[in-house]
Amino acid sequence: MKKILITGANGMLGTAIAAELIDYTLFVFSSKELDITCSFQLDQKIKNIQPDYIINCAAYTAVDLAESEQEKAFKINAIAVQKMAQIAKQYNATLIHFSTDYVFNGEATVSYLTDQKTDPINVYGASKLAGEKAITQIDGKHYIFRISWLYAPHGKNFFRWVAETDMKELNIVDSQTGSPTSALDVATFIKEVIENDPATYGIYNFTNQGEMTWYAFAKAINQKLGLSKMIQPVAEFKTAAKRPFYSVMNCEKTERVFDYQIPSIEKGLHEVVRRFKS
Ligand SMILES: NC(=O)C1=CN([C@@H]2O[C@H](COP(=O)(O)OP(=O)(O)OC[C@H]3O[C@@H](n4cnc5c(N)ncnc54)[C@H](OP(=O)(O)O)[C@@H]3O)[C@@H](O)[C@H]2O)C=CC1
Ligand SMILES: Cc1cn([C@H]2C[C@H](O)[C@@H](COP(=O)(O)OP(=O)(O)O[C@H]3O[C@@H](C)C(=O)[C@@H](O)[C@H]3O)O2)c(=O)[nH]c1=O
């Protein structure tokens, strides 16, 4: 039986992955149980458990706050990740890590390939890119999955905000286009990766298939949940961090290498809505 260690297990993705991998021998740690910025804790846990896989769901994800907490963002998303990759290599564990569409500047007009030029336009994106680079450089057994616009029936995310806010009228940007991605679908895919690990390490894109603006996504959530909110498109919504205008990522390589058909945005949303309602 494969042993799997999960960090950041109480986060949105960690929760989904831990639930999906329930039949494995899991070692699941919240931020309180394992602070990834503490190399000693990391080393002890990995040495004692000797996991086959380390799934790093721990991250600093507050995009706007990161602009004023640069040091903290880099400590968690880059420095701790570098250490984790070193320790994973030392104990021969495969590291599964997640990055983001925000490593790109969003000036493209067609979907980004994994080897296309990165150029983050906010601190969060820069810290995640630094984490990617550290893992790549250490070059142990690793998968980096760039995911985007993650949401789920649980956790803090855009879907739940639209679903649960008391506001009757929402002004949502229609100037940013991306691929809203269900954490449930990411979790299902990660199970497949572990079950049929092709050992083709590197960076891959994984998003639900299709593209839309935040405005269109809000409208779809509104409609699917029968919320009857008034959703208005706006060209700009002032935030501390800049966000890419276009951050759709091409997942053909992922589908080919893992022989896996990634669900559409519509399918992803359908299942999240179903679980949210139940
Ligand atoms: N959310 C999104 O839209 C997207 C996310 N991603 C990436 O996916 C991954 C998962 O994100 P998501 O689940 O949404 O993030 P969440 O913010 O929901 O979860 C992150 C988890 O990491 C924990 N954490 C923070 N600092 C530490 C630390 N020092 N040691 C251990 N744990 C820590 C947090 O714990 P606590 O709450 O206690 O601080 C939290 O439980 C991340 O790598 C993120 O960059 C990529 C694209 C989109
Ligand atoms: C609250 C609000 C936000 N917005 C806009 C701001 C932003 O452009 C967009 C989404 O806002 P959020 O703050 O939920 O999303 P954001 O934190 O930018 O989401 C990102 O998180 C990180 C972790 C990632 O890695 C990215 O892939 C992406 O998912 O909606 C409005 O237009 N109207 C509003 O009322």
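**Notebook: helix packing and ligand shells**

I started with helix 1 (12–20) and helix 6 (residues 183–195), whose axes come within 8 Å and cross at roughly 45 degrees. This is a predicted model, where local features need pLDDT of at least 70, side-chain atom pairs count only at pLDDT 80 or more, and totals for chains, interfaces and linings use all residues. Residues are numbered from 1 along each chain as its sequence is written, while chains are lettered from A and ligands numbered from 1 in the order in which they are written.

My conventions: axes are lines fitted to C-alpha atoms, for helices over the stretch in contact, with angles from 0 to 180 degrees between N-to-C directions. Helices (H or I, at least four residues) and strands (E, at least two) are DSSP runs, numbered from the N terminus.

Helix 1 and helix 6 are therefore oblique to each other (under 35 degrees is roughly parallel, over 145 roughly antiparallel, 65 to 115 roughly perpendicular, the rest oblique). I noted M12, L13, A16, I17 and E20 of helix 1 against A183, L184, V186, A187, T188, I190 and K191 of helix 6 (contact means C-beta atoms, placed from the backbone, within 7 Å). That contact divides into 9 nonpolar, 1 polar and 2 charged residues (Ala, Val, Leu, Ile, Met, Phe, Trp, Tyr, Cys and Pro count as nonpolar, Asp, Glu, Lys and Arg as charged, the others, Gly among them, as polar).

Next I looked up helix 3 (residues 70–90) and helix 4 (residues 123–138), which pack at an angle of about 15 degrees with their axes 8 Å apart. That makes helix 3 roughly parallel to helix 4. The contact includes F74, V81 and K89 of helix 3 and Y124, A130 and I138 of helix 4. By class I get 11 nonpolar, 6 polar and 2 charged residues there.

Then the ligands. Ligand 1 has 26 residues around it, with G8, G11, S31, A58 and A59 coming nearest (near means a C-beta atom, placed from the backbone, within 6 Å). Helix 1 turns up again, giving the largest share of this shell, 3 residues. Helix 1 and strand 4 (94–100) each supply at least two residues. I sorted the shell into 13 nonpolar, 11 polar and 2 charged.

Around ligand 2 I found 18 residues, of which V63, T100, F158, V173 and F237 come nearest. Strand 7 (residues 169–173) gives the most to this shell, 4 residues. Its classes are 10 nonpolar, 6 polar and 2 charged.

Conventions
Contact = placed C-beta atoms within 7 Å.
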